[in-house]
Amino acid sequence: QLRFVAAEVSRGLSAADAHRLLAEQSEAGQPGTSDGPSGGARLLVLLAERDPVSAELQEFFLRTEGYEVNLAFAVGEAEEHWLESRPQLAIVELMISGGLGADLCKRLKQHDAGAVLAISVLEARDEALAAGADAFLQKPFDPLELVSTVKDLLGASALVARPAQDSR
């Protein structure tokens, strides 16, 4: 999968588009693009980010680790994605929509969202945790720190076993 993404990026696709193509091919059952050795379903992450470049990088690293990612570039769009798909984790840039990220964190936690990771270029750890975030990362952060924090918050790797089928 990584070779496929690297090849597509070298052909000029963005990392996010290469991952989308990989996902489409996986869904179509094309060889060499399976979800992984266990064939499990992938955990969903909502990424609410104000900066498209930062979002693309974060999406790339999360998808590389096997997570499904829904992107949102405004608070309303993020809430809509969350209501439609109920992701296991929301990553919220505190400066999204002119600084409404903390309010988004509060609303997600009030509606029993899964884990919430707040991120910001500002040192806003206290504000993020007060708004209900489960963790905070200050930008710029190392991609491994992002992936490690996501794994810690979810308590699981990107792939989860499919539920056993009832054999009645």
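**Exercise 1. Determine how many bridges join strand 2 to strand 3, and in which direction the two strands run.**

Solution. Strands and helices here are DSSP runs, numbered from the N terminus, with at least two residues (E) for a strand and at least four (H or I) for a helix. Two strands pair if DSSP finds at least two bridges between them. Strand 2 and strand 3 (residues 68–72) are joined by five bridges and run parallel. Within this pairing, Val 45 stands opposite Val 69, and the partner of Leu 46 is Asn 70. The chain passes from strand 2 through helix 3 (residues 52–64) to strand 3, and this β-α-β crossover is right-handed; that is, with the strands pointing away from the viewer, the path from the first strand over the helix to the second runs clockwise.

The model is predicted: local features need pLDDT of at least 70 and side-chain atom pairs count only at pLDDT 80 or more, whereas totals for chains, interfaces and linings use all residues. Residues are numbered from 1 along each chain as its sequence is written, and side-chain values use heavy atoms, with hydrogens and water left out.

**Exercise 2. Decide whether the residues of strand 2 (residues 44–48) are buried or exposed.**

Solution. A residue is buried under 20% relative accessible area, exposed over 50%, and partly exposed in between (1.4 Å probe, protein chains only). Five of the five residues of strand 2 are buried. Leu 44, Leu 46 and Ala 48 point one way, while Val 45 and Leu 47 point the other way.

**Exercise 3. Classify the aromatic pair formed by Phe 60 and Phe 61.**

Solution. Rings of Phe, Tyr and Trp (its six-membered ring) pair if their centres lie within 6.5 Å; planes under 30 degrees apart count as stacked, over 60 as edge-to-face and the rest as tilted. The count by this rule is one aromatic pair. For Phe 60 and Phe 61 the centres are 5.2 Å apart and the planes make 75°, which is edge-to-face. Phe 60 is partly exposed at 21% relative accessible area, and Phe 61 is partly exposed at 28%.
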